[in-house]
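Hi,

Here is the structure I promised to pass on. Have a look at it first, and then read on for what I found.

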Amino acid sequence: MPSPSRQPLAARLDGLLFFPVTAFDDSGAFDPVGYQGHVEARLEDSPAAVFAACGTGEFPALAPAEYEQVLRVAVRATAGRVPVIGGTGYGTALALDYARAAERAGADGLLVLPPYSADGGQDGLLRHYSALAAATPLDLVLYQRDQVAFTPDTVAELAAVPNIVGFKDGRGDLDLMLRIVSAVRTSGADEDFLFFNGMPTAEMTQQAYRAIGVPLYSSAVFCFAPDLALAFHRALEKGDTATLTTLTDVLLRPYVELRRQRPGYAVSLVKAATRAAGHAVGGVRAPLTEPEPEHLRILQDLLARARQALG
């Protein structure tokens with residue numbers, strides 16, 4: 001269980017957010033040594049939090065026992081320096097099982113992926129997330145992505161639940177997201193309620209998200225090129241438009257176009273690049289497939305060009 005003396009999660013998430021890939025060995029089993037090495041290496045670059053076993057970490061590919069082990073390793077690696085947030089999802093009963101596993105592992109909170117294969121409308125979303133919040137003491141960040149879209153009124157109602165502390169958008173509908181931000185702001189909910197950009201390669205859209213009141217974002221690039229991810233984050237904080245433009249033109253736009261070459265590249269290309277950067281993280285699990293070697297070579301070239309452009 002999280003220590004009751006710790007600050008609320010909302011007070012600790014201020015900076016670049018790290019979403020590690022999950023390490024597997026040659027047989028495809030979870031590799032705790034490789035995973036701990038990956039997390040510890042990136043902790044040297046001072047992320048604000050570790051989001052373990054989430055989308056980039058292949059949450060849907062993990063069995064419940066593996067999931068708990070992944071979170072235990074992440075908690076051990078961080079040693080309380082930064083919060084650890086685990087993923088959870090599926091229907092309410094299974095989401096609760098993952099939540100309890102996260103509690104046992106010592107996680108600080110949960111990123112709640114949307115329920116799949118059932119459409120209960122907004123009433124169903126309210127019922128699902130309210131039940132999950134009532135059943136765990138962990139802080140929850142809601143995640144809008146794929147086929148699930150929240151209305152502003154639904155988010156405002158859920159934001160009034162004490163341990164629902166944030167909302168992450170992975171759909172890219174800025175009009176909807178601005179209306180959600182406005183609805184929460186005017187609802188009287190906690191002023192510390194957090195908003196996250198959860199788009200793949202969030203750096204590409206973060207300037208737009210920040211303009212509508214969404215200051216936090218996931219960085220998959222941080223897994224394999226922390227220097228460039230941090231350069232972007234520093235430029236964003238300082239309003240350094242020249243650096244932001246350079247990174248967008250030289251790296252981010254061509255990387256997004258490369259990522260769209262094949263389904264699953266938002267994870268598998270990230271993992272291959274992380275492996276190429278010297279981390280023992282192994283390959284991806286089915287249904288994901290490994291990227292084409294030529295695509296990985298192109299990405300390596302993009303990284304080299306970006307570093308050269310920044311001098």
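Ser-46 sits in the loop between α1 (32-43) and β2 (49-52), and has a positive phi of about 60 degrees although it is not a glycine. For background, most residues other than glycine have a negative phi, and most peptide bonds are trans. On the labels, helices (H or I, at least four residues) and strands (E, at least two) are DSSP runs, numbered from the N terminus.

A few words on reading the model. This is a predicted model in which local features need pLDDT of at least 70 and side-chain atom pairs count only at pLDDT 80 or more, while totals for chains, interfaces and linings use all residues. Residues are numbered from 1 along each chain as its sequence is written, and side-chain values use heavy atoms, with hydrogens and water left out.

The pLDDT is the predictor's confidence in each residue, from 0 to 100. The protein chain averages a pLDDT of 95, and 97% of the residues score at least 70. Over residues 1-5, however, the pLDDT is below 50, and this stretch has six contacts in the model beyond near neighbours in sequence (contact means heavy atoms within 4.5 Å). Where pLDDT is low, the predicted coordinates should not be read in detail.

Backbone points

Ala-53 is another non-glycine residue with a positive phi, of about 55 degrees. Ala-53 lies in the loop between β2 and α2 (64-78). Is Ala-53 buried or exposed? Ala-53 is buried, with a relative accessible area of 0%.

There is also a cis peptide bond between Ala-286 and Pro-287, with omega about 10 degrees. Pro-287 belongs to the loop between α11 (265-276) and α12 (293-310). Just after α11, Gly-278 takes a positive phi of about 105 degrees.

Two helix pairs

Two packed helices are described by the angle between their axes and the distance between the axes. Here, axes are lines fitted to C-alpha atoms, for helices over the stretch in contact, and angles run from 0 to 180 degrees between N-to-C directions.

The axes of α1 and α2 come within 9 Å and cross at roughly 40 degrees. That makes α1 oblique to α2 (angles under 35 degrees count as roughly parallel, over 145 as roughly antiparallel, 65 to 115 as roughly perpendicular and the rest as oblique). The crossing of α1 and α2 is right-handed, a term for the near helix being turned clockwise from the far one by less than a right angle, with anticlockwise being left-handed. From α1, the residues Pro-32, Tyr-35, Gln-36, Val-39, Glu-40 and Leu-43 meet a set in α2 that includes Gln-69, Val-70, Val-73 and Arg-76. By class, this contact of α1 with α2 has eight nonpolar, three polar and two charged residues (Ala, Val, Leu, Ile, Met, Phe, Trp, Tyr, Cys and Pro count as nonpolar, Asp, Glu, Lys and Arg as charged, and the others, Gly among them, as polar).

For α3 (residues 92-105) and α4 (residues 121-135), the axes come within 10 Å and cross at roughly 30 degrees. That makes α3 roughly parallel to α4. α3 passes α4 in a right-handed crossing. Thr-92, Ala-95, Leu-96, Ala-99 and Glu-103 in α3 meet His-128, Ala-131, Leu-132 and Ala-135 in α4. The residues of this contact divide into six nonpolar, two polar and one charged.

Buried helices

Six of the eight residues of α5 (residues 152-159) are buried, so this helix is largely enclosed by the rest of the structure. Its buried residues are covered by elements including α4, β5 (139-144), β6 (164-169) and α6 (174-186).

In α11, nine of the twelve residues are buried, so α11 is also largely enclosed by the rest of the structure. Those buried residues pack against α1, α8 (221-224), α10 (241-259) and α12. One of them is Ser-268, at 0% relative accessibility. Ser-268 touches Val-284, Thr-289 and Pro-291, not counting residues up to four places away in sequence. The C-alpha atoms of Ser-268 and Leu-288, 20 residues apart along the chain, are separated by 6.7 Å.

Best wishes

Definitions and conventions
Buried means under 20% relative accessible area, exposed over 50%, partly exposed in between (1.4 Å probe, protein chains only).
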